[in-house]
Amino acid sequence: MARDARMSDQASAIPLCASADLADGGRAHVFDLLEYGQPARGFVLRHGGKVVGYLNQCAHVPAEMDWKEGQFLDDSGQWILCSIHGAAYEPASGYCVGGPCRGKRLKALRVDEHDGQVSWYPSVTLTPAFGD
């Protein structure tokens with residue numbers, strides 16, 4: 001049964017980019033999606049060797065956070081920064097540690113890295129932006 005669920009999960013995964021495209025502490029891969037049927041963007045990046053994914057919306061105001069497409073981390077590579085209000089988030093958890101949304105979190109995306117591929121798993125509220 002667990003194998004069937006895992007196979008079903010793999011079937012619903014949306015390939016986003018090659019693992020090699022995400023350098024640790026480097027640029028993110030940004031992609032379009034729908035949140036409750038409305039256009040939105042998500043991103044995946046590698047931090048501390050692990051791939052994480054979030055909706056590209058500050059927890060303070062639902063505005064995109066990257067100051068240039070795919071640029072989310074500060075100069076030290078330690079924090080995800082909102083380019084509008086300067087909120088700082090822990091990359092591993094999406095938890096806001098400084099700024100107007102302190103204590104809130106980015107909306108996490110379910111992502112996975114397998115066989116050299118980074119994939120996203122849509123949910124009931126977050127769906128692919130492209131047709132089926």
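A residue is called buried here when its relative accessible area is under 20%, exposed when over 50%, and partly exposed in between, using a 1.4 Å probe and protein chains only. The model is predicted, so local features need pLDDT of at least 70 and side-chain atom pairs count only at pLDDT 80 or more, while totals for chains, interfaces and linings use all residues. Residues are numbered from 1 along each chain as its sequence is written, and side-chain values use heavy atoms, with hydrogens and water left out.

Not counting residues up to four places away in sequence, S119 touches A13, I14, P15, L16, R110, V111 and D112; contact means heavy atoms within 4.5 Å.

The UniProt record, an unreviewed entry, annotates residues 14–120 as "domain: Rieske". Positions from UniProt follow the numbering used here, feature names are shortened, and annotations may be inferred rather than shown by experiment. Within the model, the end C-alpha atoms of residues 14–120 lie 5 Å apart, and the span is 0% helix and 40% strand.

Turning to the strands, four of them make an open sheet in the order β4-β3-β2-β10, with antiparallel pairing. Two strands pair if DSSP finds at least two bridges between them. Because β4 (50–55) and β10 (126–128) stand at the edges with a single partner strand each, one side of each is left without a neighbour in the sheet. From one strand to the next the twist averages 40°, with axes taken as lines fitted to C-alpha atoms (for helices over the stretch in contact) and angles running from 0 to 180 degrees between N-to-C directions.

The pairings can be followed across this sheet. Strand β3 (residues 38–47) is joined to β4 by six antiparallel bridges, and L45 stands opposite V52 in β4. Between β2 (residues 29–35) and β3 there are seven bridges, again antiparallel, with D32 facing R41 of β3. These two strands form a hairpin with two residues between them, and Y36 in the turn has a positive phi of about 50°. On the way to β10, strand β2 makes three antiparallel bridges, and L33 has P128 as its bridge partner in β10.

A nonpolar core is a set of buried Ala, Val, Leu, Ile, Met, Phe, Trp, Tyr and Cys residues joined through side-chain atoms within 4.5 Å. The largest such core has 17 residues, and those with the most contacts inside it are F43, L45, M65, F72, I80 and Y89. Strands β3 and β4 are the elements that give two or more residues to this core. Leaving aside neighbours within four places in sequence, L45 is in contact with L22, A28, K50, V51, V52, F72, L73 and I80. A second, separate core of 15 residues includes L22, F31, L55 and V118.

The cysteines complete the picture. No disulfide (a pair of cysteine sulfur atoms within 2.5 Å) turns up in a search of the whole structure, which finds zero. For C58, the nearest cysteine sulfur, that of C82, is 3.8 Å away, and C58 is buried, with a relative accessible area of 5%. The sulfur of C96 is 3.1 Å from the closest cysteine sulfur, in C101, too far for a bond. C96 likewise counts as buried, at 0% relative accessibility.

Key: Helices (H or I, at least four residues) and strands (E, at least two) are DSSP runs, numbered from the N terminus.
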